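Here is a short briefing to read with the model open beside you. Take it one topic at a time, and look up each spot as you go.

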Amino acid sequence: MFDEFIAVLHEVISDWVDEACWGDVTDTFTMRTHQLFSQLAVAAADRPPRVRFAPSPTGYLHLGGLRTALYNWLLAKKLGGTFVLRLEDTDKARNFPGSEQDIEESLEWAGLSPDEGPRRGGIYGPYRQSERIEKYQETAAELEARGVAYPCFCSPRRLQLLRHEAHRRGETPRYDNRCRFLSVAEARSRRDMGAPFAVRFRLMEDYADGFVDAVHGPTRHDVSAVEGDPVLLRTDGSPTYHLASVVDDAAMAISHVLRGSEWLASTSKHLQIYRVLGVAPPVFAHLPLLCNPDGSKLSKRQGAVAVQDYRVSGTPPGALLELLTLSGAGFHGPTMGRVLDEMVSDFDLSRITTNAASLDLARLPDLCKTHTARQISNDRTRRSMVHEVQDMVCQKFGLQPDEALVDRVLQLRQGHIERLRDLVADDASFLWCPVEVDTTELQRSSPHFAIICSEAQRLLEGCDWTNPKEILQRLRSLGHLQTGVSFPIAARCLRLVLSARKDGPSVADILVMLGEREGLSRIREAASR
């Protein structure tokens with residue numbers, strides 16, 4: 001049912017795009033879009049969708065790639081489908097050592113585990129294009145035998161001269177299709193002499209497949225009018241994206257292709273390849289490009305763009321994913337702190353915008369606080385976080401704090417910390433390690449520091465050490481001492497005694513986190529000076 005639906009859908013769309021009045025298409029498109037997605041939902045019930053994330057291992061996974069993976073994963077989970085990881089690693093010169101491992105580990109870290117892929121396997125494998133070269137070469141040979149592809153013997157120097165000449169005239173570089181006019185005999189003769197050649201696809205002239213992109217709406221592009229015939233196989237026998245992506249999507253039964261909008265203009269040539277192969281194309285959805293708030297292209301010079309940077313820094317994966325969903329929309333409601341299960345529930349492909357999506361990294365700290373606080377508020381996840389913090393403290397300070405202490409710290413710092421590693425920063429060491437405060441510093445904070453500490457001990461006797469409000473209420477009496485010390489000065493003195501710091505959490509919160517024994521011990525030591 002699904003294949004039949006897609007085939008009929010594309011025929012109907014082609015007719016509709018040809019006949020549509022482009023100046024007054026908005027209302028019609030809105031209605032037809034809702035119909036389209038309703039039918040897709042019915043088709044998916046018969047055959048759940050298969051989507052793929054197909055990065056090239058030419059570097060560390062970047063934020064744009066993670067956003068593409070996320071939206072593919074969400075669509076698969078929304079409709080009960082399959083999320084496939086496929087590595088497009090045929091460009092050996094650009095492959096980056098360790099990139100494949102980084103991609104897989106970054107997806108796992110983000111909670112976007114593939115259902116099929118190089119590690120997990122699957123019935124449509126192999127999932128590395130470098131292991132499928134023979135299939136691409138067979139397909140290219142088949143297309144050439146049918147006359148819809150041809151060998152191109154143009155040298156790199158000639159192609160470079162064509163580009164230079166186009167730039168000189170202020171035109172977009174394009175291949176002049178010179179070799180498509182070679183006779184079969186001449187092409188065979190050059191091959192027999194061992195001349196290196198690529199294989200190009202013969203674009204259909206004056207032909208533009210109209211299609212409806214699930215994000216951009218009705219689209220048509222007469223690719224032969226602005227581009228030369230595209231390369232399918234390079235001279236070294238490796239495939240280009242145009243051939244490999246189509247062959248693999250067909251072979252792996254991919255039903256939906258969600259990818260960056262930079263590929264929107266190429267979709268028409270891909271549709272031509274699908275047509276000559278006799279394969280129904282998938283549903284296409286081209287996601288808006290990510291850019292900086294000033295509209296410029298994402299760049300390492302303007303902030304971290306590699307997912308690895310956020311993994312290493314301890315950023316909550318949910319916070320980073322939510323930041324990406326705010327760039328391009330695609331969800332019902334403006335919920336803050338949305339987790340993956342909620343993203344799946346709220347995801348709506350038809351709500352993705354077409355404009356370039358601004359990635360505002362300045363929003364990440366607040367999102368980190370929200371997601372970390374949400375994890376802390378959950379008893380199950382907090383238990384796991386307690387052990388994680390224990391390991392961090394042991395690694396940095398060589399101490400093993402008890403679980404009760406860590407649990408108190410987590411609950412009192414909920415909403416204040418962006419990531420767990422904030423709890424082992426230098427300014428938080430007082431939570432785990434003994435503090436040393438110079439008497440001179442204490443005297444600067446108040447000449448009456450010993451009296452303040454002695455009175456604080458008395459006031460804290462018998463109080464509820466789990467209740468910061470009660471502790472604060474009792475300590476406010478310090479402002480009524482005969483010494484004339486105000487409460488803010490007394491509180492500043494106690495903070496210095498407890499944490500060796502002039503700023504930070506409230507005195508009441510510090511006391512609850514340290515606990516009765518350690519808190520009173522530090523106050524008692526200062527009072528005895």
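Thr372, Gln375, Ile376 and Ser377 of H14 touch Asp379, Thr381, Arg382 and Met385 of H15, where contact means heavy atoms within 4.5 Å. Helices (H or I, at least four residues) and strands (E, at least two) are DSSP runs, numbered from the N terminus. This is a predicted model, where local features need pLDDT of at least 70 and side-chain atom pairs count only at pLDDT 80 or more, while totals for chains, interfaces and linings use all residues. Residues are numbered from 1 along each chain as its sequence is written, and side-chain values use heavy atoms, with hydrogens and water left out.

**Helices that meet**

- Two packed helices are described by the angle between their axes and the distance between the axes.
- Axes here are lines fitted to C-alpha atoms, for helices over the stretch in contact, and angles run from 0 to 180 degrees between N-to-C directions.
- The axis of H14 (residues 364-377) comes within 5 Å of the axis of H15 (residues 379-397), and the two cross at roughly 105°.
- H14 and H15 are therefore roughly perpendicular to each other (angles under 35 degrees count as roughly parallel, over 145 as roughly antiparallel, 65 to 115 as roughly perpendicular and the rest as oblique).
- The residues in the contact of H14 with H15 split into 2 nonpolar, 4 polar and 2 charged. For these classes, Ala, Val, Leu, Ile, Met, Phe, Trp, Tyr, Cys and Pro count as nonpolar, Asp, Glu, Lys and Arg as charged, and the others, Gly among them, as polar.
- Now look at H18 (residues 449-459) and H20 (residues 487-499): their axes come within 10 Å and cross at roughly 85°. That makes H18 roughly perpendicular to H20.
- On the H18 side, Phe449, Ile452, Cys453 and Ala456 meet Ala490, Cys493, Leu494 and Val497 of H20. The residues of this contact are 8 nonpolar, with no polar and no charged.

- Three strands form an open sheet in the order E3-E4-E7, with antiparallel pairing (two strands pair if DSSP finds at least two bridges between them).
- At the edges sit E3 (149-152) and E7 (231-233), each pairing on one side only.
- From one strand to the next, the twist averages 40°.
- E4 (residues 198-201) and E7 run antiparallel and are joined by 2 bridges. Arg200 has Val231 in E7 as its bridge partner.

**Pockets**

- Rolling a probe the size of a water molecule over the atoms shows where empty space is left.
- The largest pocket has a volume of about 1,300 Å³. On a 1 Å grid over the protein atoms alone, a pocket is an open set of points where a 1.4 Å probe fits, with protein on both sides within 12 Å along at least five of seven lines, and lining residues have an atom within 4 Å of a point. Grid points are joined across faces, edges and corners, and a volume is the space filled by probe spheres set on the points.
- Its lining has 43 residues, and Ser56, Thr58, His62, Gly65 and Glu262 lie nearest the centre.
- H3 gives the most to that lining of the largest pocket, with 6 residues.
- The second largest pocket holds about 450 Å³ of space. Of its 23 lining residues, Leu159, Arg163, Ala198, Arg200 and Val231 are closest to the centre.

- Most residues other than glycine have a negative phi, and most peptide bonds are trans.
- The peptide bond from Gly125 to Pro126 is cis, with omega near 0°, and Pro126 is in the loop between H4 (99-110) and H5 (133-145).
- Ala253 is not a glycine, and its phi is positive, near 55°. Find Ala253 in the loop between H9 (241-251) and E8.
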